[in-house]
Amino acid sequence: MTDLPSASHAQTRSRSHAFWRQAKSNRSFTAGFIITATVIAMALISFVWTPYDVIELDIASKLQGPSLSHWFGTDHFGRDILSMIMVGARNSIAVALVAVVIGIGVGVPLGCWAASRGGLMDEALMRGNDLIFAFPALLSAVIITAIFGPGAINAIIAIGIFNIPVFARLARGATLSLLPREFVLAARVAGKGGVRIIAEHILPNMANLLVVQGTIAFALGILQEAGLAYVGLGTQPPFPSWGKMLNEAQTMMSFAPHMAILPGLAIVITVLGLNLLGDGLRDVLDPRLSKGRE
Amino acid sequence: MIKALAHKLIWAALTLVAASILVFLALEIVPGDPAEVMLGINATDEAVAALRKQLGLDLPPLQRYFAWVGGLLTGDLGTSYTYSVPVSELVAERVVVSLPLALMALFLSTVIAIPVGLIAAGKRGTMADTGIMAVTQIGIAIPNFWFALLLVYVLAIWLQWVPAGGFPGWEQGLWPGLNALLLPAIALALPQAAILSRVTRSALLETLGEDYIRTARAKGLSRRATLSRHALRNALIPVVTIIGLQFAYLLAGTIIIENVFYLPGLGRLIFQAINLRDLIVVESVVMLLVATIIAINFLVDLTYVWIDPRLRTSSDAETSAAQTQTDGAS
């Protein structure tokens with residue numbers, strides 16, 4: 001059986017080399033990459049080291065503004081805000097990332113399957129998508145919390161469900177446009193089955209799209225997680241999360257504004273970094289897509 | 001065209017039915033008996049059984065589903081387990097806060113975003129465009145409830161120009177009511193306006209490359225007139241799609257923003273109901289919001305036809321709608 005040429009190691013290496021050369025000259029990508037890498041590094045460092053313990057209370061030093069010993073100040077329990085932001089980053093990243101994985105893991109196979117089967121299956125999938133679109137993550141989270149009680153897992157499920165139709169649509173569109181291409185027909189002539197064709201020829205060709213959309217969904221997930229945690233539907237105390245910190249800061253706005261400003265800035269910077277990274281990736285990976293948009 | 005609309009209407013109705021089944025099933029698997037919750041732990045078995053009968057909880061699920069949906073259709077949302085008043089009364093009290101808030105935010109976001117998008121597209125590549133794009137890029141990254149907290153800090157606590165929260169009630173007059181909703185509406189609107197102006201700009205830039213725009217310019221129409229008369233209408237489909245999606249998002253967003261400003265809206269009702277395990281309230285309010293979102297999506301489909309007469313004859317509506325929705329998601 002003739003196997004169709006798939007990228008050899010040398011090809012892959014030269015392609016990734018070309019990617020980095022192009023990426024480095026893209027300002028959005030560079031800025032986004034640096035910001036995102038910093039936030040992820042901060043979250044990783046928090047596993048082994050934070051300036052102070054985030055669970056331990058130190059009432060004597062409560063509500064201090066930023067200083068040399070507490071760079072970002074302390075909260076109403078005397079906890080160090082920088083340490084809380086570091087640990088909170090871990091939480092935000094984990095929730096948003098798993099939600100993206102759910103979206104891709106469920107949405108992409110569904111989209112590919114619907115596109116290659118067509119007909120009734122396809123129609124049913126698209127209508128199912130419409131149905132899920134009628135449930136914003138916040139409403140799903142409300143329902144899930146009403147059933148199981150609050151927790152970080154609920155936030156992951158609610159945001160993940162919201163991500164499924166986004167990726168299903170993307171995968172369906174990409175599959176529909178790739179199916180009539182010659183290399184797919186050639187694979188079919190060579191006797192490959194539907195699943196193998198999707199795995200070996202369709203998926204690698206939509207990987208770029210998935211990376212770009214994944215970055216954007218990641219950014220959106222961080223915003224959604226913060227919102228859910230803020231209203232008490234996400235991560236529960238004593239584990240710190242950015243949204244929860246903003247909720248606690250709210251009643252202390254008049255005398256400790258730093259408690260609200262700094263965690264909010266952490267959210268804005270992280271989301272901004274991911275959005276810039278997504279825009280940059282789109283320019284570098286698929287110049288056709290960025291035409292007329294930027 | 002009538003056929004296409006009927007087709008869409010039927011699908012919207014089926015989506016609504018499917019959504020109601022989902023919501024009903026989800027809350028059906030909730031552990032705990034509302035009758036026991038209402039009567040407390042000291043209630044006798046007979047009292048619980050009597051209350052279950054009164055609430056209709058002893059009926060089989062299918063019968064209860066139809067009773068619930070029948071009630072929804074006739075405006076009877078059941079009786080709150082904790083307040084012992086009709087849910088429809090609770091909802092009516094709260095809707096008059098949440099709905100005006102979402103509409104105000106939608107209005108603000110649209111009147112800000114469309115001119116901003118027009119300016120950015122018209123002055124493409126200039127400092128103004130770059131500046132607008134940078135500001136909107138940051139605007140997209142700002143969580144609206146955090147922006148709300150900052151507004152409260154600056155305008156209410158520091159400058160003391162506006163009240164920090166609360167709602168006087170419409171019976172105090174239109175102005176005090178609107179005044180109380182202004183800050184929350186701005187907080188909701190600005191991050192949305194950032195998204196909408198970017199969409200408007202890119203949709204305009206796409207249409208500006210078309211032949212009829214060159215024709216309009218060639219026949220002597222000014223740049224400005226070309227933009228507002230020819231390009232804008234043709235760029236409206238993605239813009240309207242995003243406005244529709246945003247309204248759904250704003251309705252849900254009010255639930256969060258109400259917490260910042262202590263507004264007695266649907267959001268506060270939902271969270272109180274969750275804490276008190278008053279599931280019939282959660283069920284009805286969620287269903288109401290979902291139904292509104294489905295209705296908005298249907299209206300957005302209708303506006304496509306109104307905006308673009310070509311869609312009245314061909315069956316392209318489906319394709320272009322699907323296309324713009326994917327664009328909107330990204």
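This is a short tour of a predicted model, stop by stop.

**Stop 1: the core.** Select A:Val142, B:Ile270, B:Val282, B:Val286 and B:Val290. These residues have the most contacts inside the largest nonpolar core, which has 172 residues. Now colour helix 10 of chain B, residues 223-261. This helix gives the core its largest share, 20 residues.

Stop 2: Centre on B:Val282. Which residues does B:Val282 touch, leaving aside those up to four places away in sequence? From chain A come A:Val142 and A:Ala146. From chain B come B:Leu27, B:Ile270, B:Ala273 and B:Ile274.

**Stop 3: where the chains meet.** Show both sides of the contact: 38 residues from chain A and 45 residues from chain B. Stay on the chain B side. Elements giving two or more residues here include helix 1 (2-28), helix 8 (174-208), helix 10 and helix 12 (279-307) of chain B. Helix 6 (127-141), helix 7 (144-158), helix 11 (266-275) and helix 14 (316-329) of chain B are also among them. Colour this side by class: 37 residues are nonpolar, seven polar and one charged.

**Stop 4: a helix pair in chain A.** Select helix 8 (residues 194-230) and helix 9 (residues 242-250) of chain A. Their axes come within 7 Å and cross at roughly 40°. Therefore helix 8 of chain A is oblique to helix 9 of chain A. The crossing is right-handed.

Zoom in on the contact. Helix 8 of chain A brings A:Glu225, A:Ala226, A:Gly227, A:Leu228, A:Ala229 and A:Tyr230. Helix 9 of chain A meets them with A:Trp242, A:Gly243, A:Lys244, A:Leu246 and A:Asn247. By class, the residues of this contact are six nonpolar, three polar and two charged.

Key: Residues numbered from 1 in each chain as written. Chains lettered and ligands numbered in written order. Predicted model: local features only at pLDDT ≥ 70, side-chain atom pairs only at ≥ 80, totals over all residues. Core = buried A, V, L, I, M, F, W, Y, C linked by C-beta atoms within 7 Å. Buried ≥ 20, exposed ≤ 12 C-beta atoms within 10 Å, placed from the backbone. Helix = DSSP H or I, 4+ residues; strand = E, 2+ residues; numbered from the N terminus. Contact = placed C-beta atoms within 7 Å. Nonpolar A, V, L, I, M, F, W, Y, C, P; charged D, E, K, R; others polar. Axes fitted to C-alpha atoms, helices over the stretch in contact; angles between N-to-C directions. Parallel < 35°, antiparallel > 145°, perpendicular 65-115°, else oblique. Left-handed = near helix turned anticlockwise from the far one by under 90°.
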